[in-house]
Amino acid sequence: MILELLQSCAAALVKILPVVLAGWYCIVWLVCSIGYYQLWTKFTRYYPSKSSRRGSDAPGVSILRPLKGIDPEFEACISSAFEQDYPKFEVLLCVDDPADPVIPIVRRVMARYRHIHSQLFIGAEQFGVNPKVNNLIRAYDVAQHDILWVLDSNCWVTPGALGRAVDTFEANPRVQLVHHLPLVVDISGHWGSRLDEMFLSTAHAKFYVAINTVAVAPCVMGKSNLFRRSQLNKVVPLGIRSFAKFIAEDQQIGDGLWQAGGLHAMNCDAAIQPVGNTSFEDYFFRRMRWLRVRKHIVLAATIVEPLTECFLCGIVGATAFRLLGGVNWNVFFAVHVLLWALGDFWIYSNLHRQGNVEIVQPPGASQSGTKKSLPTPYFALPKQMSEPKDIARWIVSWFAREAMALPIWINAMGGTQIAWRNRLYYIKQDATAVEIKKIGKI
């Protein structure tokens with residue numbers, strides 16, 4: 001009797017499994033399609049900001065920039081905060097180490113923009129294991145304005161980004177967090193830099209935008225986030241201090257505001273990070289590090305993530321439709337990979353045309369006529385993909401990135417320690433972190 005029961009269960013599984021696999025395959029393609037559509041319609045152009053034209057009655061914004069070490073094109077990235085085409089903002093720059101080499105550069109940039117209120121904070125409070133949060137606490141406390149923009153030091157933003165972010169807040173009072181699409185630009189040609197650029201411009205971009213479009217769960221990456229201090233302090237009385245015990249403070253802040261009933265929103269802007277001299281090993285361990293953190297925050301999504309990557313998703317689809325309709329497995333898989341790659345190439349090309357960047361040309365007049373000090377840096381200018389060698393290089397990088405996805409995931413799922421900012425941490429089940437020791441440069 002038991003044998004017959006097992007046989008009937010096995011027979012039912014054989015019938016149900018292909019349907020489940022086919023359903024998963026179709027869902028993944030649906031999510032990809034949402035991402036493709038949103039990236040094409042929303043992130044390939046920009047619109048003038050209404051808030052930027054309001055004058056002195058515009059909501060004030062405090063821009064908080066945590067600093068550590070000299071990142072590629074550091075001065076251009078830092079200057080982009082001062083170049084914002086907005087009537088009321090201040091820039092608060094935070095560095096932990098008094099001997100950090102960024103300090104002379106920051107002082108030079110501040111001197112160039114004396115007409116903009118700015119302040120440099122040297123020395124961090126030690127409130128938890130997250131050095132970025134510790135670095136921001138003093139600026140968070142003294143910021144003049146309620147809207148805070150936490151913008152990483154290695155990111156460049158177009159002059160209209162702040163105005164459009166404020167527009168997003170003003171358009172819907174329920175919006176409690178505005179974040180920008182993270183986009184990497186390779187400026188060196190090193191393998192790790194190319195893989196970083198490929199990941200952020202294809203797989204990450206389409207799923208990040210799609211998840212935020214359907215808005216079934218919070219999905220926030222902390223490169224460029226705006227929120228109101230008053231709202232965060234309502235959620236957690238200690239404000240940003242409450243998130244110093246987490247490594248992924250961005251996701252935790254987003255989740256806190258989300259659980260309190262707030263909405264998250266994205267507009268057309270991207271936070272552009274120029275990346276240089278990143279090795280293959282650097283890329284591998286950085287992706288593994290954040291997957292190890294992420295699995296303690298959204299375990300189910302992390303477990304199924306390999307099945308949303310091109311090759312494994314193609315295997316699932318080919319197997320399902322082979323069992324359901326006798327479709328040729330090899331042909332199905334080949335067509336799947338081709339269509340996936342074409343879709344990724346299309347969004348990559350569109351994103352790197354930088355249609356959402358307000359190009360400022362020397363001698364410094366923006367397209368809207370506002371006077372600016374600096375032209376648009378070279379890494380934020382449109383990139384053309386017309387030469388055969390460019391396309392061949394893209395194909396090699398794309399295949400390499402896709403092939404590495406599963407090995408990175410396996411390594412990430414097999415450990416609980418991460419190395420970040422020259423420190424080793426243990427990630428606990430509740431997503432909090434414990435520092436184990438300081439280590440050499442990673």
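How many nonpolar, polar and charged residues are there in the lining of the second largest pocket? The close-up views below take up this question and others on a predicted model.

**View 1. The second largest pocket and the residues of its lining.** In this predicted model, the residues that line the second largest pocket divide into 5 nonpolar, 4 polar and 6 charged. The lining comprises 15 residues in total, and those that lie nearest the centre of the pocket are D186, E197, Y348, K383 and R393. Two or more lining residues are given by each of the elements α6 (191-201) and α14 (388-413), and it is α14 that provides the largest share, with 4 residues. The volume of the second largest pocket is about 280 Å³.

**View 2. The largest cavity and its lining.** A search of the whole structure finds 3 cavities of 30 Å³ or more, and the largest cavity, shown here, has a volume of about 90 Å³. The residues lining the largest cavity are K132, V133, L136, V150, G222, N225, F227, I240, E249, D250 and I253. At least two residues of this lining are supplied by each of α4 (131-142), β7 (224-228) and α9 (249-259). Sorted by class, the lining of the largest cavity has 6 nonpolar, 2 polar and 3 charged residues.

**View 3. The second largest cavity and its lining.** With a volume of about 80 Å³, the second largest cavity is lined by Y283, R287, L291, E305, P306, E309, R401, M404, A405, L406, I408 and W409. The elements giving two or more residues to the lining of the second largest cavity are α10 and α14, and the largest share, 6 residues, comes from α14. By class, the lining of the second largest cavity has 8 nonpolar and 4 charged residues, and no polar ones.

**View 4. V298 in the loop between α10 and α11.** The place of V298 is in the loop that lies between α10 (280-294) and α11 (299-304). Because its relative accessible area is 31%, V298 is classed as partly exposed, a term that covers values between the limit of under 20% for buried residues and that of over 50% for exposed ones. Although V298 and A217 are 81 residues apart along the chain, their C-alpha atoms are separated by 9.9 Å.

Definitions and conventions:
Residues are numbered from 1 along each chain as its sequence is written. This is a predicted model: local features need pLDDT of at least 70, side-chain atom pairs count only at pLDDT 80 or more; totals for chains, interfaces and linings use all residues. Side-chain values use heavy atoms; hydrogens and water are left out. On a 1 Å grid over the protein atoms alone, a cavity is a set of points where a 1.4 Å probe fits but cannot get out, and a pocket is an open set with protein on both sides within 12 Å along at least five of seven lines; lining residues have an atom within 4 Å of a point. Grid points are joined across faces, edges and corners, and a volume is the space filled by probe spheres set on the points. Ala, Val, Leu, Ile, Met, Phe, Trp, Tyr, Cys and Pro count as nonpolar, Asp, Glu, Lys and Arg as charged, and the others, Gly among them, as polar. Buried means under 20% relative accessible area, exposed over 50%, partly exposed in between (1.4 Å probe, protein chains only).
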